[in-house]
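Some notes on this model follow, as numbered points. Please read them with the structure open.

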Amino acid sequence: MAFSKSRLLFAVSVAVHAITGLTHEFHHGHGSQMPLDYVKYPYQAVYPGDNEVTADSIFSGITTFAKLPWVQCLGKDKEEAFDIAFIGAPFDTGTSYRPGARFGPAGIRAGSRRLTLYGGYNVPLAVNPFLSGLKLVDCGDIPVTPYDNKHAIRQIESGHKELLHRSAFTPLGNDSATGQPLKPLSKDGKHHPRLITLGGDHTIVLPILRSIYSAYGEISVIHFDSHLDTWKPSVFGGAPSEQAAINHGTYFYWASQEGLIKNGSSIHGAIRTTLSGPADYENDDASGFQRIEAREIDTIGTAGIIKKIRDTVGDRPVYLSIDIDSIDPAFAPATGTPETGGWSTRELRTILRGLDGLHIVSADLVEVAPAYDTNAELTTMAAADVLYEVLAVMSKTPLGKVED
Ligand SMILES: *[C@@H]1O[C@H](CO)[C@@H](O)[C@H](O)[C@H]1NC(C)=O
Ligand SMILES: *[C@@H]1O[C@H](CO)[C@@H](O)[C@H](O)[C@H]1NC(C)=O
Ligand SMILES: [Mn+2]
């Protein structure tokens, strides 16, 4: 029996889909294995003519963080479990100077496109975070209104909470050193997934910390920023209304007032802002933070900075918040409130790798305002690379402990 040409093409196309369908379809649910080719790294480009209907190379296609699969975690894929999710919070109406961080999530994703071109293996940390066995996804963005800060802050809290309280995809397993089963670090005893939030201005950290509190209780915070962000509303922009009092310079003050931050075991790094006066530091002490000044890198170096951070947080669960303005504007100009005299991208990346082994429960990177970037995408690329280090550190250390 002779096949007509069109029937032959149809048969070939079915066969191709049967094969590629297996590689694209993701079978999930507890206990099932991650297919090894869930994500193909190093990235394998396919083009029309290679039996594919659309081009899919590192520079084409729909942009997600590091070209991870897009999962509509807050939409039609509400049931989907994951281990680490990237989630955008495009909010910038709490900013005091340059607006534009609402475009941060899209910008960081664009800056992250090339992360996996050669495979994504992290040489100094000796890990490939994309092939560590954890299920990584990009959940898109939390819907955020640009018209009402109070409502937007509630939206961010509820979106973050919904994702955080989903069960992690991969069971905690056993401790690699002792073989003992690991127990979750959370207050509610559940093994939560980790979220990496793409800001957005820094205000988003108040609703995020409210969400983190619901799972972990008071949390130690590592905060990289040129600014304190523990300012009282009266010294930061004034407080003509309840809404105006919550902004990207005061959210840590409110978080501390609400008891969300672990007093004494939280720390700022890269501080170099001017102050309203020495009282700002007294207020910062009362908010529960230690401080590392940006200029300390000249005296104690990256190793000394890493030691200070580790001595402060110990082995407690920790939330990591990174303002892109911790990096010098020479390397990351596109941000809301740039301050000269900062760390280089290399120095911040080294310090982040120095957090290897810490229990980072979730993280964010905020204040990327792509409109002020160079044509070479300096800032969005720096942001993506910084998050790549965070992802690598997270992928090495499960969020569990052996019961003592
Ligand atoms: C973890 O250890 C238990 C024994 O304590 C063992 O039964 C189980 O198979 C181990 N699980 C893994 C994933 O190795
Ligand atoms: C944190 O501890 C310091 C020193 O004990 C204290 O002065 C401050 O009031 C505490 N802050 C909060 C928010 O509890
Ligand atoms: Mn800042």
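1. Start with the strand pairing. Strand 5 and strand 6 (residues 266-271) run parallel and pair over 3 bridges. Two strands count as paired if DSSP finds at least two bridges between them. I222 has I267 of strand 6 as its bridge partner. The chain goes from strand 5 through helix 5 (residues 251-257) to strand 6, a right-handed β-α-β crossover. Right-handed means that, with the strands pointing away from the viewer, the path from the first strand over the helix to the second runs clockwise. Helices (H or I, at least four residues) and strands (E, at least two) are DSSP runs, numbered from the N terminus.

2. A word on the basis. This is a predicted model: local features need pLDDT of at least 70, side-chain atom pairs count only at pLDDT 80 or more, and totals for chains, interfaces and linings use all residues. Residues are numbered from 1 along each chain as its sequence is written, with chains lettered from A and ligands numbered from 1 in the order in which they are written.

3. Strand 5 also pairs with strand 8 (residues 317-323), in the parallel sense, over 5 bridges. There, S220 is bridged to V318.

4. How many residues of strand 5 are buried? Of the 5 in strand 5 (residues 220-224), 5 are buried. Buried means 20 or more other C-beta atoms within 10 Å of the residue's own, exposed 12 or fewer, partly exposed in between, with C-beta atoms placed from the backbone. Both faces are covered: S220, I222 and F224 on one side, V221 and H223 on the other.

5. Helix 3 (residues 149-164) has 16 residues. From first C-alpha to last it reaches 22 Å, close to the 22 Å expected at 1.5 Å a residue; the expected span is 1.5 Å times one less than the number of residues. Its buried residues are N149, A152, I153, I156, G159, H160, L163 and L164. They lie on the same side of helix 3 because they cover an arc of only 130 degrees around the axis. That arc is taken from the directions from the helix axis to the C-beta atoms. K150 and H151, on the other side, are exposed.

6. Now the ligands. Around ligand 1 are G173, N174, G179 and P181. Around ligand 2 are S256, N263, G264, A286 and G288. The criterion is a C-beta atom, placed from the backbone, within 6 Å.

7. Last, a loop residue. N122 sits between helix 2 (104-111) and strand 2 (136-141). N122 counts as partly exposed because it has 18 C-beta neighbours inside 10 Å.
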